[in-house]
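Please open the model in your viewer and keep the selection panel at hand.

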Amino acid sequence: VQVELTGLEPSTSYTVRAEGYTIGDTYDVGSGEVRGFSTDADTNVLLSSLSVDVSRICKFARWEVSMRADDGPFDASPAGCQDLPSLSGASCTLLALPCDTLFEVQVRQICANEGANSPASTKLVASTARGSKCDVPSSKPRNVSGHAVSTESFHLSWEPGNANDCMFLSWKVLATRQYYDGSGTHNILQPEEVEGCTSLVD
């Protein structure tokens, strides 16, 4: 590459830096540097050795999104951000993440010529929402007790466990009936709601 610089000061040393630019789906990361000297008689300098390292000019291939959670290794192909071949389509949605989790994300540009790959971006620290999947269930009821009221009824009582993330709606009482069928075999039926113990919203 040859260029001629004009309007320079006589007998002055200059450091010249050049950067190459391209259009379309490429961008420049290359540069070159050369020194030139002017003379008293001529204030123009011809630079014949000015060059740019073409191997460092990126031919865009794709975006690479990497993420990690809990200080683990970075995953360079997280779900939802695996195939990003558009230079202008610089966005994606990470999928299948655990709820209520802190994670780090970084992005870099991958080139067809690997030597021109960009460095990774500054890490973005974010978190997913808590959501119902992360709710801590209430603990089991405590001190369940009861006594017979008559030959056909039984009084039942209990104390609530720890509510945790439970938004209480109602209690549900299930009973498993066991009976003797005359052959010496006890049959246990599936649990079912008990008459008199429904709609327990208090």
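Begin by selecting Glu-152, Ser-153, Phe-154, Leu-156, Val-173, Ala-175, Val-194, Glu-195 and Cys-197, which line the largest pocket. On a 1 Å grid over the protein atoms alone, a pocket is an open set of points where a 1.4 Å probe fits, with protein on both sides within 12 Å along at least five of seven lines, and lining residues have an atom within 4 Å of a point. The volume of this largest pocket is about 200 Å³, a volume being the space filled by probe spheres set on the points, which are joined across faces, edges and corners. Its lining comprises six nonpolar, one polar and two charged residues; Ala, Val, Leu, Ile, Met, Phe, Trp, Tyr, Cys and Pro count as nonpolar, Asp, Glu, Lys and Arg as charged, and the others, Gly among them, as polar.

This is a predicted model, in which local features need pLDDT of at least 70 and side-chain atom pairs count only at pLDDT 80 or more, whereas totals for chains, interfaces and linings use all residues. Residues are numbered from 1 along each chain as its sequence is written, and side-chain values use heavy atoms, with hydrogens and water left out.

Next, select β10 (residues 153-159), which gives the most to the lining of the largest pocket, with three residues. Strands (E, at least two residues) are DSSP runs numbered from the N terminus. A two-residue hairpin connects β9 to β10, and Ser-145 faces Ser-157 of β10.

Now move to Arg-62, Glu-64 and Arg-108, linked in a network of salt bridges. A salt bridge is a side-chain nitrogen of Lys or Arg within 4 Å of a carboxyl oxygen of Asp or Glu. The N-to-O distance is 2.7 Å between Glu-64 and Arg-108. That pair links β6 (residues 58-69) to β7 (residues 102-111), across 44 residues. Glu-64 is buried at 12% relative accessibility, whereas Arg-108 is partly exposed at 28% (buried is under 20%, exposed over 50%, partly exposed in between, with a 1.4 Å probe and protein chains only).

Then select Glu-104 and Arg-68, whose side chains also meet in a salt bridge (2.7 Å, N to O). Glu-104 lies in β7 and Arg-68 in β6, so this pair ties together parts 36 residues apart in sequence.

Finish at the second largest pocket, with about 160 Å³ of space. Its lining includes Trp-63, Val-65, Val-105 and Val-107, and has no charged residues.

Note on methods:
Pairing = 2+ DSSP bridges. Helix = DSSP H or I, 4+ residues; strand = E, 2+ residues; numbered from the N terminus.
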